[in-house]
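Please consider the following note while examining the sequence and the structure.

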Amino acid sequence: MNQQLIEQIVGEILGQLGKAPVQLPERAVPIAVSARHVHLQPEHVEVLFGTGYELTQRSELSQPGQFAANETVMIAGPKSSIERVRILGPVRKATQVEVSFTDAMKLGVKPPLRESGNIEGSAPITLIGPKGSVHINQGLIIAQAHIHMAPTDATRFGVEDGEYVTVEADGMRSISFRNVRIRVNERYRLEMHIDTDEANAGFISQGSIGRLVKSDDAKETVPVQTMMKTVTTTTPVNAPVTFEFTKKLLSAEDVSEISEKEIVINKGTIVTALARDTARELGKTISSRK
Ligand SMILES: [Zn+2]
């Protein structure tokens, strides 16, 4: 081998070694979707499954020490019930049930949006197991989206425990999650937790990647209190309203590509039937130039 070739190979190897092993984009956060689940306090395990009963592990969860149990319970509200709700272990100080907004409507209950563990004054629910049932006066919540991370991640992202950030998830239906709470602990693995409603809203599947945006960098922030209350649509200021179309044929494709609401065509322009349908669907009007 000549000297030049050796240098070239060494250079390439060094180049490879210099690269990060995981090719995640900068500020990337893996997203995990939490389905409805139950955390139980020890006494409730015994009421639901029998005296002396202990939860058995079905699979490990991504956060160290946490597991999905083999055991499930039925949860019941005034309107209906949901069967086979997974119990997550290990046992906790107080029983907590986490459902989605959709579940809450089905059950006929009104749980508050809360951070896990903060159940003071939350909603009541009934749990039914094979050996008995438990009614809790509080403990039913809709979990606030959050990101688990280790202190090294927090340093890298420039965030602190308890801070709220925005996470953008680009996909078929791109969405941003605002007011995502940062939770820093030595034992945590970097992961964002959202519920099934949030995941469905953005076509997000298990293991999707989001991008952490510091709230100061985000275009605007919404206080937590106003979340889920109002949905407003905004029209860009100064956006042109009409589009002057000059070609001979207006197709459906043209209609969907034109962002203006009103399409003005020449007298002789041919408009396809599909173009008219598309315009109707998109709430656009096609008018002839006078
Ligand atoms: Zn979590």
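1. In sequence, the donor residues of the zinc ion follow the spacing H-x1-H-x44-H. Donors are N, O and S atoms within 2.8 Å of the metal (3.2 Å for Na, K and Ca); water is not among the atoms, so sites may look incomplete. The coordinating atoms are NE2 of His 146, NE2 of His 148 and ND1 of His 193, at 2.0 to 2.2 Å.

2. The model is a predicted one, in which local features need pLDDT of at least 70, side-chain atom pairs count only at pLDDT 80 or more, and totals for chains, interfaces and linings use all residues. Residues are numbered from 1 along each chain as its sequence is written, and side-chain values use heavy atoms, with hydrogens and water left out.

3. The pLDDT is the predictor's confidence in each residue, from 0 to 100. Its average over the chain is 86, and 82% of the residues score at least 70. Over residues 224–239 it is below 50, and this stretch has 6 contacts in the model beyond near neighbours in sequence; a contact means heavy atoms within 4.5 Å. Where pLDDT is low, the predicted coordinates should not be read in detail.

4. Are His 146 and His 148 buried or exposed? Both are buried, where buried means under 20% relative accessible area, exposed over 50%, and partly exposed in between (1.4 Å probe, protein chains only).

5. His 193 belongs to strand 13 (residues 191–195), of which 5 of the 5 residues are buried, so the strand is largely enclosed by the rest of the structure. Helices (H or I, at least four residues) and strands (E, at least two) are DSSP runs, numbered from the N terminus. On one side of strand 13 lie Glu 191, His 193 and Asp 195, and on the other Met 192 and Ile 194. In a regular strand the side chains alternate between the two faces of the sheet.

6. Which strands pair with strand 13? Strand 1 (residues 28–34) runs parallel to strand 13 and is joined to it by 4 bridges, with Ser 34 opposite Asp 195. Strand 10 (residues 146–149) pairs with strand 13 in the antiparallel sense over 3 bridges, and here His 146 has His 193 as its bridge partner. Two strands pair if DSSP finds at least two bridges between them.

7. The largest nonpolar core has 24 residues. Such a core is a set of buried Ala, Val, Leu, Ile, Met, Phe, Trp, Tyr and Cys residues joined through side-chain atoms within 4.5 Å. Among the members that touch the most others are Val 38, Ile 87 and Leu 127. Strand 4 (67–76) is one of the elements that each supply at least two residues, and its share, 4 residues, is the largest. A second, separate core of 21 residues includes Ile 31, Val 33, Ala 145 and Val 180.

8. In helix 2 (42–49), the buried residues are His 44, Val 45, Leu 48 and Phe 49. Seen down the helix axis, they fall within an arc of 110° and so line one face of helix 2; the arc is that of the directions from the helix axis to the C-beta atoms. Their cover includes strand 4, strand 5, strand 8 and strand 9. Gly 50, with a positive phi near 115°, follows helix 2.
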